[in-house]
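Colleague: Hi! Could you walk me through this model while I have it open?
Modeller: Happy to, ask away.
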Amino acid sequence: MATITRPADQAPSRPSPLALLWQFCVQNPLGAAGGFLVLVMIVMAVSAEVVTVYDPTSNNFGAMLEPPSREYWLGTDQFGRDVYTRIVFGARTALLVGFVSAFVGGTIGLVLGVASAYFGGRFDLVFQRVMDVLMAFPLIILALAVVSIFGTGIQNVILAITVPFIPRCARVVRSSALAVRETPFIDAARACGFGHTRIVLRHMVPNVMAPYLIMVTAAVGQAILIEASLSFLGLGVQEPVPAWGLMLRGGAQEYAESAPWVAIFPGVAISLAVFGFNLFGDALRDWLDPKMKV
Amino acid sequence: MLRYVIKRLLLMIPTLFGAAVLVFVLMRMVPGDICVLRLATGGGSMDPQVINNCRLELGLDKPYFAQFLAFLKGLATLDFGNSMWTGRPIISEVGLRFQLSLQVAIMATVLSIMIAIPLGTISAVKQNTWIDYVVRGFSIAGVAMPSFWLGILIILGILITSKAWFGRPWMPPITYVPIWQDPLYNLSMLVWPALATGYRYSAVATRMTRSAMLEVLREDYVRTARAKGLFRKLIVRRHALRNALLPVITIIGIEFAFLMGGLVVTEQVFNLNGLGKLFVESVSNQDYNMTQALVMLVVAIFAFTNLAVDVVYAWLDPRIRYNR
């Protein structure tokens, strides 16, 4: 990025991070609420051992399908495992899958999208067709294929969710990068004799950070939702690992009537998490780039 | 316009070809094959001779390249062959489930249009009032709630209310009957999955309608219409909504395409025998023919829906011309 040094007296005083945060909260109360939900989730995931007393994976057949009580805040499931404990530990699984797949998929998409816009021509055309194929390919089939080839497990779930994010992020980033490519400082960088890699990574990528960040934030929520769906289908995380989608599988449907807490609370957790990331992402979008619409 | 459509149709060929390569390679990367699976489920001993015969019969002994060419030839002539698992023609296997999935997708789309357009419009017209907040909350919740969970809640709701009203539990029927044979029975089965998926899609479309309406309501021609004394209702209906609907149509079209291939989870919750279930079964049975045909079907629906959306777009908005 070209930096223009201003005379000292004209330089705007940079607001402190705390002041910026306060400004964000005042301007976007909904976004702040979303950010708060996200924060709660992160705290829950990090301090899961501290905020719970039961073991999330060991069965207790003396306390099967107990209704919510002072002892078991959200009741127990058909194996006598505490629902609250499993939800707290499930936050760990959800955040791990959500963050890793969103960041990895988004970042690969970022680099590919910028490169595609920068080189243009035949490379761009071929690249766009490849992205078309990946976009049109049903996600569930990709996930099924990954699971059949590599087996189930958290790292394969992450792989299955990451791949479909790449084309979506690349699309959005590419359209922003096309505008950046036409700016004079890219020509200037070329004239300086900089290599393509340097121009793409140092001059173009920083200028498309806004759409990238927006895509990634939105993608975390989406990834959590997809992880839940895959685990619900039995294609994602496997028992006994606590995961929200898995908690709704099997038992939850069977016992929905006699023990509705088993079916209700994990769904509430998924909804709140996705809700939080979506609100936060929306606010971030308004804040970073008022012109952009998704 | 015709030239544009032809160009788009031609551009579809590489996309379909790419998808064909991808599904072909992915399926063959899965360890084992259908012959081994069949024998394993039969419980018999793994006689190499039997496995060889099975492969010979299904054409799996041929080199990959020849198999791929056969697959492409089948695609080009729209002859997908037989399912490797059941041995019945793929066309009839898919046709059975296609009806069900198509009906759920159409019902969910109609439902989402019926919810999204009025709600999105009201929300934009009454921006920053309590109505707006309620609609926005409703739609954000819809995006966040997993549709399979909503499905579980719906089933739970049906059970509880049917018990309270009739004294005994009632569950939606499971066997599919086409709507023209017994509409009441058919609807009592498919309304619920349509509701569960439709709510989610209506939420996305509501958000889109609202933001498009907000933008259009600030246009000069809306102010002009107000200035010449037109009724507000008329302005909203005739001047604003018509222009705001364009991006909404895009969203609805893309969602419809996704619904056709992405109902797997909802079908699981409601125990429906649709395309999604067939998908999962054919992948786990390593039924190459069936999986390949299904993937190509879904990718083609996706590509054609995208094209249809773009054509409708140009038809509705005379300012859009696809000349290049």
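Colleague: Where is B:Gln286 placed?
Modeller: B:Gln286 sits in the loop between α12 and α13 of chain B. Helices here are DSSP runs of H or I with at least four residues, and strands are E runs of at least two, numbered from the N terminus. Before we go on: this is a predicted model, where local features need pLDDT of at least 70 and side-chain atom pairs count only at pLDDT 80 or more, while totals for chains, interfaces and linings use all residues. Residues are numbered from 1 along each chain as its sequence is written, with chains lettered from A and ligands numbered from 1 in the order in which they are written.

Colleague: Thanks. Is B:Gln286 buried or exposed?
Modeller: B:Gln286 is buried, because 22 other C-beta atoms lie within 10 Å. The cut-offs are 20 or more other C-beta atoms within 10 Å for buried, 12 or fewer for exposed, and partly exposed in between, with C-beta atoms placed from the backbone. B:Gln286 also has a positive phi of about 55° although it is not a glycine.

Colleague: And B:Asn128, what is its phi?
Modeller: B:Asn128 has a positive phi of about 65°, and it is not a glycine. You'll find B:Asn128 in the loop between α5 (90-125) and α6 of chain B. B:Asn128 is exposed, with 8 other C-beta atoms within 10 Å.

Colleague: Switching to helices: at what angle do α1 and α13 of chain B cross?
Modeller: The axes of α1(B) (residues 2-29) and α13(B) (residues 288-316) cross at roughly 155° and come within 10 Å. That makes the two helices roughly antiparallel. On the wording, angles under 35 degrees are roughly parallel, over 145 roughly antiparallel, 65 to 115 roughly perpendicular and the rest oblique. Axes are lines fitted to C-alpha atoms, for helices over the stretch in contact, and angles run from 0 to 180 degrees between N-to-C directions.

Colleague: Which residues make that contact?
Modeller: Among them are B:Leu16, B:Val23 and B:Phe24 of α1(B), and B:Val295, B:Val299 and B:Leu307 of α13(B). Contact means that the C-beta atoms of two residues, placed from the backbone, lie within 7 Å. By class, the residues of this contact are 16 nonpolar, three polar and one charged. Nonpolar covers Ala, Val, Leu, Ile, Met, Phe, Trp, Tyr, Cys and Pro, charged covers Asp, Glu, Lys and Arg, and the others, Gly among them, are polar.

Colleague: Now the two chains: how many residues of chain B are in contact with chain A?
Modeller: There are 34 residues of chain B in contact with 33 residues of chain A. The largest share of chain B's side, seven residues, comes from α1(B). That side has 28 nonpolar, six polar and no charged residues.

Colleague: Which residues meet where α13(A) packs on α7(B)?
Modeller: A:Pro260, A:Ala263, A:Gly267 and A:Ile270 of α13(A) meet B:Trp149, B:Ile152 and B:Leu156 of α7(B). Their axes are 10 Å apart, at an angle of about 150°. This contact has six nonpolar, one polar and no charged residues.

Colleague: Last one: what does A:Ile224 touch?
Modeller: Leaving aside neighbours within four places in sequence, A:Ile224 is in contact with A:Ala94, A:Gly98, A:Ile270, A:Ala273 and A:Val274.
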